[in-house]
Amino acid sequence: MTLDSNGHFMIDDSAKHVLGLELPTDPRWVDIAEKNIEDILVDHAYCEQKAATSCISMIVLFPEKEKLVEVMTPVVAEEWGHFERVLEELKKRGYKLGFPRTDEYVKQLIKIERKGGSRDQQLMEKLLINALIEARSCERFRLLWKNIQDKDLANFYYELMVSEASHYKNFLQLAKEYMPEATVMKRWKELLEEEAIIMSNLTPRQDRLH
Ligand SMILES: [Fe+2]
Ligand SMILES: [Fe+2]
């Protein structure tokens, strides 16, 4: 990893400008991930399941928000489609799904979710936390696409990178439907900073997508 003169991580242009993320992934993660592709795929399958589950929860919690329901419904189908695709990748390689693993990254993000406030504020909070996960997943998929030797899998990750990037944009856009843009962007900036702190305290793991 590259550090600047203050000992901070150097900002990777793509992560910073395309996704807004403050802290790029430690490049060593790809090497260790590629050596443990079975674990990465299993963990990834559950990330897709959690993404689908989380979109369903938002629909159930906020059924009165028509735009939200309209945008989220096809996203649920897409995330579940990703889950199916990951299952296929596992199967092709003779691996099995296995049980879900603890997701430290998501656990930490849930802790910074602000509770209380109006329904619109609560919805904004959920949308922004989900947008963070999408952005980080997108950044990781980009690294896998660019760096792994398995071309078949690299193409798969390219496709997913594009798809998660559009979810990330959708979620931010949706937050602006329900809260003033300045409020959304202020909170988004705070969350990006908190996400970077969470990320910097997590050791890159060979068996986790995040
Ligand atoms: Fe997905
Ligand atoms: Fe997604």
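Mentor: Start with Trp80 and Phe83. Both sit in helix H4 (residues 66–92), 3 residues apart, about one turn of the helix. Helices here are DSSP runs of H or I with at least four residues, numbered from the N terminus. The model is predicted: local features need pLDDT of at least 70, side-chain atom pairs count only at pLDDT 80 or more, and totals for chains, interfaces and linings use all residues. Residues are numbered from 1 along each chain as its sequence is written, chains are lettered from A and ligands numbered from 1 in the order in which they are written, and side-chain values use heavy atoms, with hydrogens and water left out.

Now the rings. A pair of aromatic rings is described by the distance of the centres and the angle of the planes. The structure holds 5 aromatic pairs. In the pair of Trp80 and Phe83, the centres are 4.3 Å apart and the planes lie at 10°, so the pair is stacked. Rings of Phe, Tyr and Trp (its six-membered ring) pair if their centres lie within 6.5 Å; planes under 30 degrees apart count as stacked, over 60 as edge-to-face and the rest as tilted.

Phe83 is buried, at 9% relative accessibility. Trp80 is partly exposed, with a relative accessible area of 40%. Buried means under 20% relative accessible area, exposed over 50%, partly exposed in between (1.4 Å probe, protein chains only).

Elsewhere, Phe141, Phe156 and Tyr157 form one aromatic cluster.

How values were computed
Helices (H or I, at least four residues) and strands (E, at least two) are DSSP runs, numbered from the N terminus.
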